[in-house]
Amino acid sequence: EIVDKTLNDLCQNLYPKKLFIHDIMDSYSITHHSTNDPFLQHEMEMDGSNSLQKEMDDMIDWLSQIKDYDVYIVKSNHDEHVDRFLRETDWRKMNSLKNALPYMEYASAILKGEAPNGIVPYVINKHYPNFHCLTYNDNIVVNGYLCSMHGNLGASGTRGGMNQFSKLSVKNVVGHTHSISRVSGSCCVGTSTNLRLNYNKGLTTWINAHGIINKLGKFQHIVFFKTKDGFEYTTLE
């Protein structure tokens, strides 16, 4: 619902010149967070959610909706779960051998030097060569805002945080916490997912929200809320 409202309503009103997408893939099918939970693994096997190929295919299908935009895929921690899965897993001992073939395909791509920026960017650019799949070292500034930083990494190997980002010499937009915030010139957007996933329990600050930067260099959060008529978003006026 959020994606539909965004692409078929909000974007039709704004005609954005660039789209920056964070955490394009959840990597739920192979995440290290669930590897040692046999009960969850059984549940995933039964409902098919442990298929890496299906999750990749779903991502590629989803991206077809924005193929006509100038798209930037921001390097994010969820995307990298696939690379960690390949590094740390013995395919012969995987919880499900349904992932054996994609494992071999992606591992071969890395060995051949075809995926220097990781597997998710490799797969995306095979289907959408015009998409900009960023690295952690890219610096893309839009109207005074650094937009190429996800927010999971801080300086000198530390964990990222809004207080640290607010002290940078450039204003910035991040998306790691899935929660909106603004500290001086550092802004964080929300998420386009369901607000309840299996790994966020109890109190949460997650919210469905985007951020826009207008031609005057002003940033605004666009927050979605549910009404009796469906989802609406905060006014642009």
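Asn-36 lies in the loop between β1 and α2, and in this predicted model the residue counts as exposed, because its relative accessibility is 73% and a residue is called exposed when the value is over 50%. Asn-36 and Met-149 are separated by 113 residues in sequence, and their C-alpha atoms lie 31 Å apart in space.

**Helix α1**

- Helix α1 covers residues 2–14, and its buried residues are Ile-2, Val-3, Lys-5, Thr-6, Leu-7, Leu-10 and Cys-11.
- An α-helix has 3.6 residues a turn, so residues three or four places apart point the same way.

**Helices α5 and α6**

- Helix α5 (residues 100–111) packs with helix α6 (residues 119–127) at an angle of about 95 degrees, and the two axes are 11 Å apart.
- The two helices are therefore roughly perpendicular to each other, since angles of 65 to 115 degrees are placed in that class.
- On the α5 side the contact is made by Glu-105, Tyr-106, Ala-109 and Ile-110, which meet Ile-119, Tyr-122, Val-123 and Lys-126 on the α6 side.
- Sorted by class, the residues in this contact of α5 with α6 are six nonpolar and two charged, with no polar residue.

**Aromatic pairs**

- A pair of aromatic rings is described by the distance of the centres and the angle of the planes.
- When ring centres within 6.5 Å are taken as a pair, the count comes to five aromatic pairs.
- One of these joins Phe-20 and Tyr-72, whose ring centres are 4.7 Å apart and whose planes meet at 20 degrees, so the pair is stacked.
- Phe-20 is in strand β1 (residues 19–21) whereas Tyr-72 is in strand β2 (residues 71–73), so this pair ties together parts that are 52 residues apart in sequence.
- The two partners fall into separate classes of accessibility, as Phe-20 is partly exposed at 22%, whereas Tyr-72 is buried at 9%.
- Another aromatic pair, formed by Phe-224 and Tyr-233, is edge-to-face, with 5.8 Å from centre to centre and 65 degrees between the planes.
- In this pair Phe-224 is buried, with a relative accessible area of 5%, and Tyr-233 is counted as buried at 16% relative accessibility.

**Surroundings of Ser-179**

- Ser-179 is found in the loop between β6 (171–174) and β7 (181–183), and this residue counts as buried because its relative accessibility is 7%.
- The side chain of Ser-179 comes to 3.0 Å from the backbone oxygen of Thr-177, and a polar contact of 2.7 Å links the side chain of Ser-179 with that of Thr-205.
- If residues up to four places away in sequence are not counted, Ser-179 touches Cys-188, Val-189, Gly-190, Thr-205, Trp-206 and Ile-207.

**Positive phi angles**

- Tyr-15, which comes just after α1, takes a positive phi of about 50 degrees.
- Ser-27 has a phi near 65 degrees, which is a positive value in a residue other than glycine.
- Ser-184 is not a glycine either, and its phi is positive as well, at about 55 degrees.

Notes:
Residues are numbered from 1 along each chain as its sequence is written. This is a predicted model: local features need pLDDT of at least 70, side-chain atom pairs count only at pLDDT 80 or more; totals for chains, interfaces and linings use all residues. Side-chain values use heavy atoms; hydrogens and water are left out. Axes are lines fitted to C-alpha atoms, for helices over the stretch in contact, and angles run from 0 to 180 degrees between N-to-C directions. Helices (H or I, at least four residues) and strands (E, at least two) are DSSP runs, numbered from the N terminus. Angles under 35 degrees count as roughly parallel, over 145 as roughly antiparallel, 65 to 115 as roughly perpendicular and the rest as oblique. Contact means heavy atoms within 4.5 Å. Ala, Val, Leu, Ile, Met, Phe, Trp, Tyr, Cys and Pro count as nonpolar, Asp, Glu, Lys and Arg as charged, and the others, Gly among them, as polar. Rings of Phe, Tyr and Trp (its six-membered ring) pair if their centres lie within 6.5 Å; planes under 30 degrees apart count as stacked, over 60 as edge-to-face and the rest as tilted. Buried means under 20% relative accessible area, exposed over 50%, partly exposed in between (1.4 Å probe, protein chains only). A polar contact is a pair of N or O atoms within 3.5 Å; within protein, one must be able to donate a hydrogen and the other to accept it, and residues adjacent in sequence count only if both atoms are side-chain atoms.
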